[in-house]
Structure formats: structure tokens, C-alpha cells
Amino acid sequence: MLKKIKNYILLRLFYRIKNFGLNIEKLAIESINFKKRGIIFHLGKDYKIFNPKYMEFGESFCASDRFRIEAISNYEEKKFDPKIIIGT
């Protein structure tokens with residue numbers, strides 16, 4: 001339990017330092033319509049996310065600059081129901 005609290009505090013501190021003064025970027029990330037997103041969620045600069053409605057992220061997710069993730073829901077004439085789950 002103590003380790004979880006320590007990790008939470010460190011990630012939260014990292015999040016605040018990394019995003020100090022970047023409220024516009026924070027609003028852009030929060031406006032992405034993920035299926036599920038944890039409390040601590042950080043994306044670096046120049047990220048690309050395609051079809052976020054098929055993605056779930058756990059409680060503490062941090063990605064560095066130029067992060068890219070894509071859920072493919074159709075290819076040629078085939079339809080898919082993708083699920084991308086990272087964390088719990």
C-alpha cells in the first residue's frame with residue numbers, strides 16, 4: 001500500500017512539473033473520448049491517437065513524446081471490434 005501511495009505521489013509530481021503552464025494541452029488530452037482512462041494520465045508532445053473509443057488505460061499511464069496508438073475498426077471491406085487495454 002505504501003508503495004502505491006509513493007508511486008501515486010511521484011507520478012502526480014511528474015505530471016505537474018511536466019505540464020506546468022500547459023493547460024491548453026491538458027484540455028486537449030482530456031477531450032479525447034477514451035472508453036476508460038485512469039486518474040493519472042499523461043501524454044507527451046506530438047501524440048497521435050486513432051479511434052480512442054476502443055481504448056482503456058489503467059490508473060497510472062504516462063507516455064513520452066511522439067506516442068502513437070491506433071485501433072483499426074475496418075480494413076478494406078472488413079469490420080472489426082478492437083479492444084486495446086493497457087493496465088488495470
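How many helices and strands does the chain have? There are two helices and eight strands, with helices (H or I) taken as DSSP runs of at least four residues and strands (E) as runs of at least two, numbered from the N terminus. Reading from the N terminus, the order is α-α-β-β-β-β-β-β-β-β.

This is a predicted model, in which local features need pLDDT of at least 70 and side-chain atom pairs count only at pLDDT 80 or more, while totals for chains, interfaces and linings use all residues. Residues are numbered from 1 along each chain as its sequence is written, and side-chain values use heavy atoms, with hydrogens and water left out.

On pLDDT (the predictor's confidence in each residue, from 0 to 100), the chain averages 82, and 83% of the residues reach at least 70.

Now for the inside. Of the 88 residues, 30% are buried, that is, under 20% relative accessible area with a 1.4 Å probe, protein chains only. Beyond its neighbours within four places in sequence, L43 is in contact (heavy atoms within 4.5 Å) with I29, I32, I49, F61, A63 and F67. Of the contacts between residues at least 6 apart in sequence, 27% join residues at least 24 apart.

Definitions and conventions. Buried means under 20% relative accessible area, exposed over 50%, partly exposed in between (1.4 Å probe, protein chains only).
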